[in-house]
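Could you walk me through how to read pockets and helix packing in a new structure? I would like to take it one feature at a time.

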Amino acid sequence: MQRPATRSKSKMTSSDLRRDNEILHFSLQDALPQGHIMALNPKFGTLSYLSYESDRLLMIAQEQFTGTEMSVLLPLLEMFPYYCPYEVLYASFYNGSVSKENVEESREKLDQALEEGLWDQEMRPIRDALSRTRIKLRKFGIDISSILATGYILMVASMPRPIIKPREIEREAIVL
């Protein structure tokens, strides 16, 4: 009887720990108002829309994304304001990372699927993940648009409403 191969757990280095705790920040190339930023924690799959007003940092919106949703969200955020090609999404979705080699392999696989008439079948899991991600991004005033025969692009539609009201607004509401 064959024994399954096991990987031994190595000690975490400080650089691994920093990578796990790294929060990525996206200003979306000035598509957001000044003082607004999106913060993505890849480890926990949490995307937060933050605004710095006066001396306070306000959380306007926050959403939790699954690993599958993160695999399509991250390349879209990184490519903004440009479109994200199908092969980049495919590489991220199936390999968990985007490297030149992964993208080239993904391009070849997608070209082969197109020739064999299996394009829709090959892209369906990615489209499903994009659909779920699109729903969650609505809270941020962001949409994912399809570009025919090319890929997908993030579109900033509107500014989201704060989920936490500043105390000044709450005080004014009480006085009135």
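Predicted model: local features only at pLDDT ≥ 70, side-chain atom pairs only at ≥ 80, totals over all residues.

Q: How much space lies in the largest pocket?

A: A pocket's volume comes to about 280 Å³ in this case.

Q: Which residues lie nearest the centre of the largest pocket?

A: Look at the lining, which here has 15 residues. Nearest the centre are Met70, Ser71, Leu74, Ser92 and Gly96. Helix α2, residues 67-79, gives the largest share of the lining, with 6 residues.

Q: What lines the second largest pocket?

A: This pocket has a volume of about 160 Å³. Its lining is made up of Pro85, Tyr86, Glu87, Arg107, Leu110, Asp111, Leu114, Trp119, Ala149 and Thr150. Two elements, α3 (86-95) and α4 (100-115), each give two or more residues to this lining, and the largest share, 4 residues, is from α4. By class, the lining divides into 6 nonpolar, 1 polar and 3 charged residues.

Q: Now for the helices: at roughly what angle do the axes of α2 and α3 cross?

A: For a helix pair, look at the axes and then at the side chains. The axes of α2 and α3 cross at roughly 145° and come within 8 Å; the crossing is right-handed. On the α2 side, the contact is made by Thr68, Ser71, Val72, Pro75 and Leu76, and on the α3 side by Val88, Leu89, Ser92 and Phe93.

Q: Which classes of residue make up that contact of α2 with α3?

A: There are 6 nonpolar and 3 polar residues, and no charged ones.

Key
Residues numbered from 1 in each chain as written. Heavy atoms only, no water. 1 Å grid on protein atoms, 1.4 Å probe; cavity = no way out; pocket = protein on both sides within 12 Å on 5 of 7 lines; lining within 4 Å. Points joined across faces, edges and corners; volume = space filled by probe spheres on them. Nonpolar A, V, L, I, M, F, W, Y, C, P; charged D, E, K, R; others polar. Axes fitted to C-alpha atoms, helices over the stretch in contact; angles between N-to-C directions. Left-handed = near helix turned anticlockwise from the far one by under 90°. Contact = heavy atoms within 4.5 Å.
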